[in-house]
Amino acid sequence: MKKYILLLFVLFFTTITFCQEKPVAFKSGEWLRYKMSYSGFLRAGSAILEVEEKEFNGKKVFHTKGTGWTSGMIKWFFEVDDKYESFFDKDSVKPYLFKRKIDEGGYKKHRITAFNYDYNTAYIQDFTLQKDTTVAFSKVQDMLSSFYYLRNKDVSKLKNGDEIKLDMFMDSQIYPFKLRFLGREVLKTKFGKVKTLIFRPLVQSGRVFKAQESVTIWITDDFNKIPIKMKADLAVGSLRAELEQYKGLANDFGK
């Protein structure tokens, strides 16, 4: 049970979504709140994604924050308190700084990664292990910037089975990451019937994840392209994340 809760939180902050080139998919002030539940009825926790325009080292950037935590009965035996931050270029979406501070059932990580594009190196400060590392890269996204980077992709011509790929920088390593397009569906939600795009995240075998997890993500089929539902099928029951509240969207919420 513990590993599936972790999986849902990690995938929630590392995957999600796409959009047409114009109009823009997101803007400063966007705020999304999700509820996590076990088998659709037992609340497991919450997650929030928010974005704000700022200036970083003289450049216009988006500062995004992702937080996730367990609650209720789940918190009694497995507590999660995760915080993520990313500063990425407003136009190119290339990440400049990524912060990760997590506590998952006593398993802790606190790292800050700075991306240097003059030398194509990432400098990682690990405050938990008290060590610094430098890693070379060519073109990567961090765990949060990938969410916003992919939202600007044109998926209008995707066919069932098509895959979209990127290299994700996570835990001082670069992981090949991709989403497989499964099709379209009109989803019944608390906001009414919503047209969605369905994706399945896939990652390299033998790394952080298995080659293919039983996780499915539903994305709004509008110009915002926000995740509205995620489901991880388990041996017994399932874990879900569903959009609970939203504000500050760049475009009308499509229904």
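Me: Why is M73 called partly exposed?

Reply: First, keep in mind that this is a predicted model. M73 has a relative accessibility of 46%. Buried would need under 20% and exposed over 50%, so M73 falls in between and counts as partly exposed. You'll find M73 in helix α2, which covers residues 72–77.

Me: And what makes up the nonpolar surface patch with M73?

Reply: M73, W76 and F77 make that patch, and its area is about 420 Å². Residues in a patch must have over 30% relative accessible area, so M73 at 46% passes that cut-off.

Me: Why do F26 and F88 count as an edge-to-face pair?

Reply: Two numbers settle this one. A pair of aromatic rings is described by the distance of the centres and the angle of the planes. For F26 and F88 the centres are 6.4 Å apart, and the rule asks for centres within 6.5 Å, so the rings pair. Their planes sit at 80 degrees, and over 60 means edge-to-face, so that's the label. The pair also links distant parts of the chain: F26 is in the loop between α1 (2–14) and β1 (31–38), F88 is in strand β4 (residues 80–89), and they are 62 residues apart. Both F26 and F88 are buried.

Me: How many aromatic pairs are there, and which residues do ring pairs link into a cluster?

Reply: The count comes to 17 aromatic pairs. The cluster is made of F56, F87, Y96, F115, Y117, F137 and F169.

Me: Why is N57 called exposed while N120 is called partly exposed?

Reply: Set each value against the cut-offs. N57 has 65% relative accessibility, which is over 50%, so N57 is exposed. N120 has 31%, which lies between 20% and 50%, so N120 is partly exposed. N57 is in the loop between β2 (42–56) and β3 (59–70), and N120 is in the loop between β6 (107–116) and β7 (121–126).

Me: What is there to notice about phi in N57 and N120?

Reply: Most residues other than glycine have a negative phi. N57 has a positive phi near 50 degrees, and N120 has a positive one of about 50 degrees, although it is not a glycine.

Me: Last one: which residues have the most contacts inside the largest nonpolar core?

Reply: Those are L32, I228, L243 and F253, in a core of 59 residues. F253 touches residues including F191, V194, I228 and L243. Apart from that core lies another of 6 residues, among them V61 and Y96.

Notes: Residues numbered from 1 in each chain as written. Predicted model: local features only at pLDDT ≥ 70, side-chain atom pairs only at ≥ 80, totals over all residues. Heavy atoms only, no water. Core = buried A, V, L, I, M, F, W, Y, C linked by side-chain atoms within 4.5 Å. Buried < 20%, exposed > 50% of the residue type's maximum accessible area, 1.4 Å probe, protein only. Contact = heavy atoms within 4.5 Å. Patch = residues over 30% accessible without salt bridge, like charges linked within 9 Å, V, L, I, M, F, W, Y side chains within 5 Å. Areas by Shrake-Rupley, 256 points an atom, 1.4 Å probe, with all protein chains shown as cover. Salt bridge = Lys/Arg side-chain N within 4 Å of Asp/Glu carboxyl O. Helix = DSSP H or I, 4+ residues; strand = E, 2+ residues; numbered from the N terminus. Phe/Tyr/Trp six-rings, centres within 6.5 Å; stacked < 30°, edge-to-face > 60°. Lists of a residue's contacts leave out its neighbours within four places in sequence.
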